[in-house]
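Visitor: I'd like to learn how to read the strands and the ligand surroundings in a model like this one. Could you walk me through it?

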Amino acid sequence: TKDWNGIDQVVLRSPRGASARVSLHGGQVVSWKNDRGEELLFTSSKAIFKPPKAMRGGIPICFPQFGNCGSLEQHGFARNKIWAFDDNPSPLHFNDSKGKSSIDLILKPSEEDLKCWPHSFEFRLRVSLTADGDLTMISRIRNINGKPFSFSFAYHTYFSVSDISEVRIEGLETLDYLDNLCQRERFTEQGDAITFEFEVDRVYLSSPNVVAVLDHGKKQTFVIKKEGLPDVVVWNPWEKKSKSIVDLGDEEYKQMLCVDGAAIEKPITLKPGEEWTGRLDLSVVPSSYCSEH
Ligand code: BG6
């Protein structure tokens, strides 16, 4: 299908009726629904579906820079570009395709990108929906340059939540984090699970490969599994910052939480010919399931 701007979108469907919608604008997942048709990702009612900016919601991909620490635009250019269908997906991707519905996209730098970031790469993205309705994203980034380059990366996932006051994150307890609100000062998490009462903008470092977002209101838990992505970004803009974001409603911070599988603190370095893989597996389970298992 095409969006309002004529940009291709692909809808993946599971046999039981779950679905995911992927836009060629940014390679961004813009919707993920369970088999009852309920949306699992947040999209702002004020989202702007118009290039060059990524729309506010879903899963924009931050590459080759996270945030504004670097010479590039905030969160890098990948999320603002029009990706192409990949006719020649990585053979490694085929091993992963059993029973899944998948789409393969590719991003190569344009002349303009090479002016701001002079490194040739091929970024292959596979988005899959499993028979159970789980969402998998696999990014493979290859250096096709004559010299090494480094980058940071995040799957900037906007989860849809019942109410931010009903949500907690498990799996980040006792970790060190960089606080983006305090010029990236380093702190150590003290509490049990993470709950929300004010703006949070942090990068948790070297986290376990499974993190859970528990939503008491919806009695459901998002399970985030990640590979190649040591860090976890946690972001909720809260009341004041929301008002300064044009494409986010003033009260919408209550219905969203960003929890990103990411590689930020230690940038990934690729030598010529080398390839990096970063994988995210998202599933959603009833909350009782987690306490029983
Ligand atoms: C977060 C950053 O991950 O993304 C925040 O840590 C930023 O500082 C937020 O405000 C949203 O960024 P953007 O560019 O999509 O508005």
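Predicted model: local features only at pLDDT ≥ 70, side-chain atom pairs only at ≥ 80, totals over all residues.

Visitor: Fine. What is the strand order in the open sheet of three strands, and what is the pairing?

Guide: The general idea is that strands of a sheet pair through backbone hydrogen bonds, either parallel or antiparallel. Here the order is S1-S2-S3, and the pairing is antiparallel. At the edges sit strand S1 (9–13) and strand S3 (29–33), each pairing on one side only. On average, neighbouring strands of this sheet are turned by 10° against each other, direction ignored.

Visitor: How many bridges join S2 and S3, and which residues face each other?

Guide: Strand S2, residues 19–23, and S3 share four bridges in the antiparallel sense. Val 22 stands opposite Val 29 in S3, while Ser 19 has Lys 33 of S3 as its bridge partner.

Visitor: Let's move on to strand S9. Why is S9 said to be largely enclosed by the rest of the structure?

Guide: Because six of the seven residues in S9 (residues 149–155) are buried.

Visitor: Which strands does S9 pair with?

Guide: Among its partners is strand S4 (residues 61–62), antiparallel over two bridges. In that pair, Ile 61 has Tyr 155 of S9 as its bridge partner. S9 also pairs with strand S18 (residues 256–270), again in the antiparallel sense, over six bridges. There, Phe 153 is bridged to Ala 263 in S18.

Visitor: Now the ligand. Which residues are around it?

Guide: You'll find Gly 67, Gln 74, His 75, His 156, Asn 180, Asp 201, Val 233, Trp 235 and Cys 258 around the ligand.

Visitor: And how does that shell split by class?

Guide: It has three nonpolar, five polar and one charged residues.

Conventions. Residues numbered from 1 in each chain as written. Pairing = 2+ DSSP bridges. Axes fitted to C-alpha atoms, helices over the stretch in contact; angles between N-to-C directions. Near = placed C-beta within 6 Å. Nonpolar A, V, L, I, M, F, W, Y, C, P; charged D, E, K, R; others polar. Buried ≥ 20, exposed ≤ 12 C-beta atoms within 10 Å, placed from the backbone.
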